[in-house]
Amino acid sequence: MLRMLPNLPRLLMAALLLLLGIAQPTLAGVFCVNTAVGLQNSLILAAANGQDDEVRIVQGTYVGNFVYASTEAQALSVLGGYETGCSTRMLDPTNTILDGNQTGLVLNLSAGTLAANFRIEGLTIRNGQGGLFAGNSSGGEVTVENNHIRDNTAGSNDGGGVLLWATTATLINNDISGNYTGFHGGGGALWVTTATLTNNNISGNTGNQGGGLYLGTTTATLTNNTLQGNAAELGGGAFLTAT
């Protein structure tokens, strides 16, 4: 008697779709990491696996400069606050810390010229030569939510704490404080078409233009944000220029 392999129907369907030139649904890759090396390796794998990806970071402190450099227009989420095994999560930026050790940009997420989407949530990003870069030169969406981005120094580059390039940028419930740049946006520089900022605390940042924020946007909506104690030659709290 013939016994059908359990996965045979699925394999036959995949082969048929391939023959017909029909793309199969993209699966999400989920990575659970608990070391700095594991975090960087997961970003390398995610950048080339042809999937939307989610990197879950176990609570702790991770020292390094973490880079995702993709040539695929896939979505990536980098999420902090997970317990061991990554099945449960406590969303609190103070429990998951990425520390750049003043040796480079702490978290660098790039998709080159492709319109990829990025989400960064539940992290403290600190002590880097720039805190967070996320985006690309052709669009996409970036969401930065429930993070602490602190004490980063970007030198003469844009965005001491945050630098975003995208079509749409959304910042919600972040604390962005104590960051510095000698150029645009001590707290953050947003080169985007549409920016929405809600319930953020942006304080004690220093820049040349826009101590708190530099908004290179077409449309910006700011709701219930606190901007205080920021310093700059032009625009201590925020500097807005239409793109």
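Predicted model: local features only at pLDDT ≥ 70, side-chain atom pairs only at ≥ 80, totals over all residues.
User: Let us start with β11. Is that strand mostly covered or mostly open?
Analyst: Strand β11, residues 141-145, is mostly covered, with four of its five residues buried.

User: And which way does β8 run against β11, parallel or antiparallel?
Analyst: Strand β8, residues 118-121, pairs with β11 in the parallel sense, over four bridges. Within this pairing, isoleucine 120 stands opposite valine 144 of β11.

User: How many bridges join β11 to β13?
Analyst: Five bridges connect β11 with β13, which covers residues 162-172, and these strands run parallel. Here threonine 143 is placed opposite threonine 170 of β13.

User: Changing topic: how many aromatic pairs are there?
Analyst: The count comes to three aromatic pairs. One of them is formed by tyrosine 68 and phenylalanine 118, whose ring centres are 5.9 Å apart. Their planes stand at 85 degrees, so this pair is edge-to-face.

User: Where do tyrosine 68 and phenylalanine 118 lie?
Analyst: Tyrosine 68 belongs to strand β4, residues 66-69, and phenylalanine 118 to strand β8, so the pair ties together parts 50 residues apart in sequence.

User: Is tyrosine 68 buried or exposed? And what about phenylalanine 118, buried or exposed?
Analyst: Tyrosine 68 is buried, at a relative accessible area of 0%. Phenylalanine 118 also counts as buried, at 2% relative accessibility.

User: What about the rings of phenylalanine 133 and tryptophan 165?
Analyst: Their centres are 5.4 Å apart and their planes meet at 90 degrees, so that pair is edge-to-face. Phenylalanine 133 is in strand β10, residues 132-135, while tryptophan 165 is in strand β13, so the pair links parts that are 32 residues apart in sequence.

User: One more topic. Which residues does the disulfide join?
Analyst: The structure holds one disulfide, and this bond joins cysteine 32 to cysteine 86, with an S to S distance of 2.1 Å. The torsion about the S-S bond is about 80 degrees, so the disulfide is right-handed.

User: Which parts of the chain does the pair tie together?
Analyst: Cysteine 32 lies in strand β1, residues 28-33, and cysteine 86 in the loop between β5 and β6, so the pair ties together parts 54 residues apart in sequence.

User: How accessible is cysteine 32, and how accessible is cysteine 86?
Analyst: Cysteine 32 is partly exposed, with a relative accessible area of 41%. Cysteine 86 is buried, with a relative accessible area of 4%.

How values were computed: Residues numbered from 1 in each chain as written. Heavy atoms only, no water. Buried < 20%, exposed > 50% of the residue type's maximum accessible area, 1.4 Å probe, protein only. Helix = DSSP H or I, 4+ residues; strand = E, 2+ residues; numbered from the N terminus. Pairing = 2+ DSSP bridges. Phe/Tyr/Trp six-rings, centres within 6.5 Å; stacked < 30°, edge-to-face > 60°. Disulfide = S-S within 2.5 Å.
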